[in-house]
Amino acid sequence: MSTADSNIENKFYHNLLLRPLGLNSQNSSVLWLLLLLGAITFGGLWYFDGSIIAVVGIFYFLGIVVLSFVRPDYSLYILLFSVLIFDQFAIPNFPAFTTRVDYFKNIKEISYIPQINAGVANIIEVHLMFIIMGTFLLLGVKKDFKLRPITVWQPFLLFAACFLFSVLYGVVNGGDFLISLWETRAIFYLFIIYLLIPQLVQTKKQIWVLFWVFITAISFKAFQGIKRFISLGFTTGGHDTLTTHPDPIFMITLFILMLGFFIYKARDSQFLMLILLFLPLALGFYVAQRRAAYASAMVSFATFIVLLPVALRTKFLKMLIPVFIGLVCYTALFWNSESALGRPIEMIKSGFIEPTKQENIQNYYSNLYRDQERYNLARTIVDKPLLGTGFGVKYDMPIELPQINFTLYEYIPHNEIIWIMVKMGIIGFFAFWFFFNAFVAKGVKVLDKLSDPYLKAVTMVVIIAVISQMVVSFYDLQLTYYRNMIYLGALMGLMSTLNRLADEENTESKELVTTQPEGYS
């Protein structure tokens, strides 16, 4: 081709394609990127019969692949945001896009993409695989990037080993392998996230960004519940709940974070945002209508007070006197009320005083089912005390339970703390509590070491989240929910980073003292 022909083509390329888009030869790659995005969009719409969700899914997948290798920490933020935004289980009579995307289903079960028989993994697992690959790539390429230790690694390894043994033990003794995976999948997620977070979230700024992710996603779920509340005429419309079960548990962590900011005087932009969001979050918590969430909230608040230093605790309790008086008056006024305003009292009361059939038929039969379920669990423990049944094996049912709207009700009971003992035996149950108790004990030490107000508030949230999860898991199916375990794993994984930042603070303080001139005061 001659030079003249080449110049003509260049002029055509610049004048007709680049210039109208405000581009030049230096940034002309943007044009090709736009063309590629356009081709993917229109090609996806054609292939998936106009499904916008499918096209968004394509871009989501491409985005996480690229980010996982370029910035795996950003990819992790997206994973956690997605887990908190989307619903694992649908809320009856309330269809929503957060359910329709089928985020938690195996790929072969997702309705809007062609069936892939080999797609036995879900989006979470594919995403985690890319993040892990990106993390190891950074480990090999970046000299300053190194693996960080996890908190209380010995108890963690003991619990993980016992857990894996119980999976294998159950399958070898006639358990269903597929069902064992459904039982244990969530806790495996907790293990993976617990290991990943210290590697990818290593600075205070990254913790700050991560909590913006949490605040945004959890607040969205509160507003989602409020929207349903408004659509029903500012009532719950007789529905059991207007949010998914995990959502109010997540909201409790934001209440604790706000209290931590207030007590430790961390005047961060997140504190201001949480003050603005307090009423929507409180209303979102109310429309969730979960008895277990109220129990968890009370224990979380009490733990917060106990963890405060004596001086701060005294000051805080004095400030609570008007609130306490108001709560006493509210409780007295609505103790026997069946109105919407008295609903929280009814929830709390039903946890201590079992209602009669005439008072609350729904709670009466719910409590009766759980009592019979606990008896069956106790009998199973007596028969198999040391190693338990293993996962994938039904627990004994000397009292035949009515079938409920939960496929695995013969394998997974409501009380998932006792479930751990049933499946893992006394040895595994000890390993379970040894790990979580050791973690909480370590967290208290880190809280005492830290001086940064923001980090102290975050540490308080992490400690209380563990205790809150144990409480709610005693009442409800919460150790097998993917969202709960991933969120808890993310919070617990931060303890390693918080501990290291506390040590760095102490080192800097000692260096400052040793470098001060003589006579300095």
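Predicted model: local features only at pLDDT ≥ 70, side-chain atom pairs only at ≥ 80, totals over all residues.
Trainee: How far apart are the axes of H10 and H13?

Mentor: They are 12 Å apart. Two packed helices are described by the angle between their axes and the distance between the axes.

Trainee: What is the handedness of the crossing of H10 and H13, left or right?

Mentor: The crossing is right-handed.

Trainee: Which residues make the contact?

Mentor: H10 supplies Leu259, Phe262 and Ile263. H13 supplies Leu312, Phe316 and Met319.

Trainee: What classes of residue make up the contact of H10 with H13?

Mentor: Leu, Ile, Met and Phe are among the types that count as nonpolar. The contact has 6 nonpolar residues, no polar ones and no charged ones.

Trainee: Now to Thr480. Why is Thr480 called buried?

Mentor: Its relative accessibility is 7%. Buried means under 20%. So Thr480 counts as buried.

Trainee: Where is Thr480 found?

Mentor: Thr480 is in the loop between helix H18 (453-475) and helix H19 (482-514). Setting aside neighbours within four places in sequence, Thr480 is in contact with Gln88, Glu183, Ala186, Ile412, Glu416 and Trp419.

Trainee: What makes the pairing of Thr480 and Glu416 a polar contact?

Mentor: Their side chains are joined at 2.7 Å. The cut-off for a pair of N or O atoms is within 3.5 Å. The 2.7 Å value meets that limit.

Trainee: How many residues along the chain lie between Thr480 and Phe188 as their separation?

Mentor: They are 292 residues apart along the chain, yet their C-alpha atoms are separated by 9.9 Å.

Trainee: Next, Val152 and Phe234. What is the phi of Val152?

Mentor: Phi of Val152 is near 40°, a positive value in a residue other than glycine. Phe234 is not a glycine either, and its phi is about 60°.

Trainee: Where do Val152 and Phe234 lie?

Mentor: Val152 is in the loop between helix H6 (123-141) and helix H7 (153-172). Phe234 is in the loop between helix H9 (204-231) and H10.

Trainee: Is Val152 buried or exposed?

Mentor: Val152 has 17% relative accessibility. That is under 20%, so Val152 counts as buried.

Trainee: Why is Phe234 called exposed?

Mentor: Phe234 has 56% relative accessibility. Exposed means over 50%, so Phe234 qualifies.

Methods
Residues numbered from 1 in each chain as written. Heavy atoms only, no water. Axes fitted to C-alpha atoms, helices over the stretch in contact; angles between N-to-C directions. Helix = DSSP H or I, 4+ residues; strand = E, 2+ residues; numbered from the N terminus. Left-handed = near helix turned anticlockwise from the far one by under 90°. Contact = heavy atoms within 4.5 Å. Buried < 20%, exposed > 50% of the residue type's maximum accessible area, 1.4 Å probe, protein only. Polar contact = N/O pair within 3.5 Å; in protein donor to acceptor, adjacent residues only side chain to side chain.
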